[in-house]
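Look at the sequence and the 3D structure shown here. The paragraphs below go through parts of the chain in turn.

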Amino acid sequence: MDSVVLAHHPNRSDPALVDVVVGAGVEEEHAWDHTLPVSPRFKLFAGNTMAASPAGDCAGVDGLFVPRGAPPSTPLHLIGCEAAEALLAVLRRPRKWDRDWVQLWALDNHGEVMCHHNVHLRVEKARPSVLGGALVDITLADGGDDRPPVLARPIWETWYRGVPTTRNQWAPYSAQGRSEWLDLTATRMSGRRPDRSGGTHHLDGRFVTDVPGLHCAMAEALVGPGGYFGREWNAFKDCMGGGFGVAPPFTLIWHDADVARRAVAAVVSDPDEGLSYFEDIVRLLERWGVTVVLQ
């Protein structure tokens, strides 16, 4: 997953072949727990599914079938906990049994949930809080691997003041920061909502310089600032089916559409069809009965 080509050069034994060095993540190592055949063959595909176009064959792969240790855990410190009886009961138990799953909710200034985070309640240390009173500071052995990155802090601070009410507040952030923004819009989306159809929506395309930016701008155009309307192609398609505040038919006027057309020209959703992400989104809209006006 997340493969990046680092280098390539002719094969020493057969110059007609190419050796490719790839940096990538590996999921489900246990899936490779088997005996390889004497002469294994590997096939590359351009895409995420076996239905994607073949990109070539490999005589062998080095570096895949090797032991990989688990990454070191990073503690999570809970500061100023007002412990209810359920948490106090955990703190009174022997440490080796503190393996309950708990969910942390990050609340904004109005008490609305901004984010959910699941973590094992494996307590390393509990002590009187630095904040004083009857509060407790708790150190968990492992805070999990899906915590928001440092760059998400200013985004969280914006949302802490309440759901954004003005457009393009996501625009100054990088693609990763915009993805964090989309995550917060998804957290607030609970249950299906009644839809409205018809009318004209305006998409401000000046800042659509990447795929997350496209979905930030699309959601603002259709359901307003801070609203959710998908984080990627499949989720966007699901939203088009209704239950997320707006449903076709309607008209979408995409202002400064050439910004997105150029920015995501190299992002191809389906290698077989060769459409860019921008073209694929426009086609999806039109198939659902949306009148798309590119300006």
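In which helix is Trp 181 placed? Trp 181 lies in helix H3, and the model in which it is seen is a predicted one. Is Trp 181 buried or exposed? Its relative accessibility is 2%, so Trp 181 counts as buried, since the cut-off for that word is under 20%. Leaving out residues up to four places away in sequence, Trp 181 touches Ile 155, Thr 158, Trp 159, Pro 164, Gln 169, Trp 170, Tyr 173 and Cys 216. One of these, Gln 169, is 12 residues from Trp 181 along the chain, and the two C-alpha atoms are separated by 9.5 Å.

Helix H3 also holds Ala 175. Ala 175 has 33% relative accessibility and therefore counts as partly exposed. With residues up to four places away again left out, Ala 175 touches Asp 210 and Pro 212. Leu 6 is 169 residues from Ala 175 in sequence, and their C-alpha atoms are 22 Å apart in space.

Two packed helices are described by the angle between their axes and the distance between the axes. For helix H3, residues 175-188, and helix H4, residues 211-223, the axes come within 8 Å and cross at roughly 40°. Because of that angle, H3 is oblique to H4. The crossing in which H3 passes H4 is left-handed. On the H3 side, the residues that meet H4 are Ala 175, Arg 178, Ser 179, Trp 181 and Leu 182. On the H4 side, they are Pro 212, Gly 213, His 215 and Cys 216. Sorted by class, this contact has 5 nonpolar, 3 polar and 1 charged residues.

Now consider the backbone in some loops. Most residues other than glycine have a negative phi, and most peptide bonds are trans. Asn 168 is not a glycine, yet its phi is positive, at about 65°. Asn 168 sits in the loop between helix H2 (153-160) and H3. With 14% relative accessibility, Asn 168 counts as buried. Asp 256 also has a positive phi, near 50°, and is a residue other than glycine. Asp 256 belongs to the loop between S13 and helix H6 (257-263). Its relative accessible area is 38%, so Asp 256 is partly exposed.

Which two residues does a cis peptide bond join? The bond is between Pro 248 and Pro 249, with omega at about 5°. Pro 249 is in the loop between strand S12 (244-246) and strand S13 (251-255).

The last topic is the cysteines. How many disulfides does a search of the whole structure find? The search finds 0. A disulfide would need the two sulfur atoms to be within 2.5 Å. Cys 81 is buried, with a relative accessible area of 13%. For Cys 239, the closest cysteine sulfur is in Cys 216, at 13 Å, and this is too far for a bond as well. Cys 239 has a relative accessible area of 1% and is therefore buried.

Terms used:
Residues are numbered from 1 along each chain as its sequence is written. This is a predicted model: local features need pLDDT of at least 70, side-chain atom pairs count only at pLDDT 80 or more; totals for chains, interfaces and linings use all residues. Side-chain values use heavy atoms; hydrogens and water are left out. Axes are lines fitted to C-alpha atoms, for helices over the stretch in contact, and angles run from 0 to 180 degrees between N-to-C directions. Helices (H or I, at least four residues) and strands (E, at least two) are DSSP runs, numbered from the N terminus. Angles under 35 degrees count as roughly parallel, over 145 as roughly antiparallel, 65 to 115 as roughly perpendicular and the rest as oblique. A crossing is left-handed if the near helix is turned anticlockwise from the far one by less than a right angle, and right-handed if clockwise. Contact means heavy atoms within 4.5 Å. Ala, Val, Leu, Ile, Met, Phe, Trp, Tyr, Cys and Pro count as nonpolar, Asp, Glu, Lys and Arg as charged, and the others, Gly among them, as polar. Buried means under 20% relative accessible area, exposed over 50%, partly exposed in between (1.4 Å probe, protein chains only).
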